Amino acid sequence: MFAAVALAQTGLQALPFNEPITSVQQAKAVPKGEKVAMACSKCKTVQVADVDRQKSFLSWFQPRTKHVCPGCGGYWGYVVYGKGSRHGDYRHTCSKCGDKSMFCCSTQPGKKAEGM
């Protein structure tokens, strides 16, 4: 079991998750075949998903949808950050780890389609 965990950790560290995803538009633009990760800086949990044809990871960006964090057991979701925000600024937030604890990133940035 420890060998599998070590291999999994080595594999994840080798991937360049260096492209932050802060909006639904950026998430939708991540190409099929890339990987995305949702990480919590407080409980040190990382969840990785493949970008498939249906882009099922987009549920991470649906407001009022709760996901269970396997690290701390809290619920995290994409919520409006700050009351009275005119622009509807959304952020990933965990019920146990708090605001600004979670972030999403990918192995390759999404690019705007031509004409946009």
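**Entry 1, order of elements.** Reading along the sequence of this predicted model, I noted the pattern α-β-α-β-β-β-β-β-β, and I counted two helices and seven strands in the protein. Helices (H or I, at least four residues) and strands (E, at least two) are DSSP runs, numbered from the N terminus. Residues are numbered from 1 along each chain as its sequence is written. Because the model is predicted, local features need pLDDT of at least 70 and side-chain atom pairs count only at pLDDT 80 or more, while totals for chains, interfaces and linings use all residues, and side-chain values use heavy atoms, with hydrogens and water left out.

I then looked up an open sheet of three strands, which has the order 4-5-6 with antiparallel pairing. Strand 4 (67-68) and strand 6 (90-94) each have a single partner strand and stand at the edges, so one side of each is left without a neighbour in the sheet. Two strands pair if DSSP finds at least two bridges between them, and strand 4 meets this with strand 5 (residues 75-80) through two bridges in the antiparallel sense. For Val68, I found the bridge partner Tyr75 in strand 5.

Which loop holds Ser23? I found Ser23 between strand 1 (19-21) and helix 2 (24-29). A polar atom of the Ser23 side chain lies 3.2 Å from the backbone nitrogen of Gln26. Taking contact as heavy atoms within 4.5 Å, and leaving aside neighbours within four places in sequence, I found Ser23 in contact with Phe61 and Tyr78. With neighbours within four places again left aside, the contacts of Phe61 include Ile21, Ser23, Tyr78, His92 and Cys104.

A nonpolar core is a set of buried Ala, Val, Leu, Ile, Met, Phe, Trp, Tyr and Cys residues joined through side-chain atoms within 4.5 Å, where buried means under 20% relative accessible area (1.4 Å probe, protein chains only). The largest one has 18 residues, of which Ile21, Val36, Phe57, Trp60, Phe61 and Trp76 touch the most other members. Strand 2 (35-40), strand 5 and strand 7 (102-106) each supply at least two residues of this core, and strand 2 gives the most, with three. As a general note, nonpolar side chains tend to be buried together in soluble globular proteins.

Of the 116 residues in the protein, 29% are buried. Among contacts between residues at least 6 apart in sequence, 46% join residues at least 24 apart.

Definitions and conventions: Buried < 20%, exposed > 50% of the residue type's maximum accessible area, 1.4 Å probe, protein only. Polar contact = N/O pair within 3.5 Å; in protein donor to acceptor, adjacent residues only side chain to side chain.
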